Amino acid sequence: MENSSVYQMIIERGFERGIETGKKLGMKELAIERILHSLNRRFNTPIAADVLTPSLEKIDDRQHLNQLMDAAAEAEHLEDFMQTLSALQNGINNP
């Protein structure tokens, strides 16, 4: 069975899906890390990562994560960033 072409195809597709999933998770983790880093630098204060991380982890859309990276870099106040995060979360929870 392990030598059959169907079996090999299933294994290869599973492997490819695993790689793709790993890439997406890695991208998401990097985005969250960059958002927190930007906020820490921008506001010169340690941002409560344990408070923000769970909210950020709920966001799977790459475009939304990019918007949050931009917001973290451009926000004049932390509250500005939090409003952007809240708006995105409300859009996700209320499609």
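The dialogue below reads selected features of one predicted model.

Me: Which residues does helix α3 cover, and what should its 13 residues span?
Reply: Helices (H or I, at least four residues) are DSSP runs, numbered from the N terminus. The expected span of a helix is 1.5 Å times one less than its number of residues. Helix α3 covers residues 62–74, and its 13 residues should span 18 Å. The end C-alpha atoms of α3 are 18 Å apart, in agreement with that.

Me: Which residues of α3 are buried?
Reply: Buried means under 20% relative accessible area, exposed over 50%, and partly exposed in between (1.4 Å probe, protein chains only). In α3 the buried residues are L65, L68, A71 and A72. Viewed down the axis of α3, they fall within an arc of 120°, so they line one face of the helix. The arc is taken from the directions from the helix axis to the C-beta atoms.

Me: Which exposed residues does the face of α3 turned away from its buried side carry?
Reply: That face carries R62, Q63 and E74, which are exposed.

Me: What does the side chain of D61 reach at the start of α3?
Reply: A polar contact is a pair of N or O atoms within 3.5 Å; within protein, one must be able to donate a hydrogen and the other to accept it, and residues adjacent in sequence count only if both atoms are side-chain atoms. At the start of α3, a side-chain oxygen of D61 comes to within 2.9 Å of the backbone nitrogen of Q63.

Me: How many salt bridges does a search of the whole structure find?
Reply: Side chains of opposite charge can pair when their charged atoms come close. A salt bridge is a side-chain nitrogen of Lys or Arg within 4 Å of a carboxyl oxygen of Asp or Glu. Searching the whole structure gives one. Its partners are the side chains of K28 and D60, at 2.5 Å from N to O. K28 lies in helix α1 and D60 in the loop between α2 (49–57) and α3, so the pair ties together parts that are 32 residues apart in sequence.

Me: Is K28 buried or exposed, and is D60 buried or exposed?
Reply: K28 counts as buried because its relative accessibility is 13%. D60 is exposed, at 60%. The side chain of K28 also has a polar atom 2.4 Å from the backbone oxygen of E57.

Me: Which side chain does S55 contact?
Reply: The side chain of S55 makes a polar contact of 3.4 Å with that of Q89. S55 lies in helix α2 and is buried, with a relative accessible area of 18%.

Me: What separates the C-alpha atoms of L39 and L78?
Reply: L39 and L78 are 39 residues apart along the chain, and their C-alpha atoms are separated by 7.6 Å. L39 belongs to helix α1 and is buried, at 0% relative accessible area. For E29 and A48, 19 residues apart in sequence, the C-alpha distance is 16 Å. E29 is also in helix α1, residues 5–43, and counts as exposed at 57% relative accessibility.

Terms used:
Residues are numbered from 1 along each chain as its sequence is written. This is a predicted model: local features need pLDDT of at least 70, side-chain atom pairs count only at pLDDT 80 or more; totals for chains, interfaces and linings use all residues. Side-chain values use heavy atoms; hydrogens and water are left out. Helices (H or I, at least four residues) and strands (E, at least two) are DSSP runs, numbered from the N terminus.
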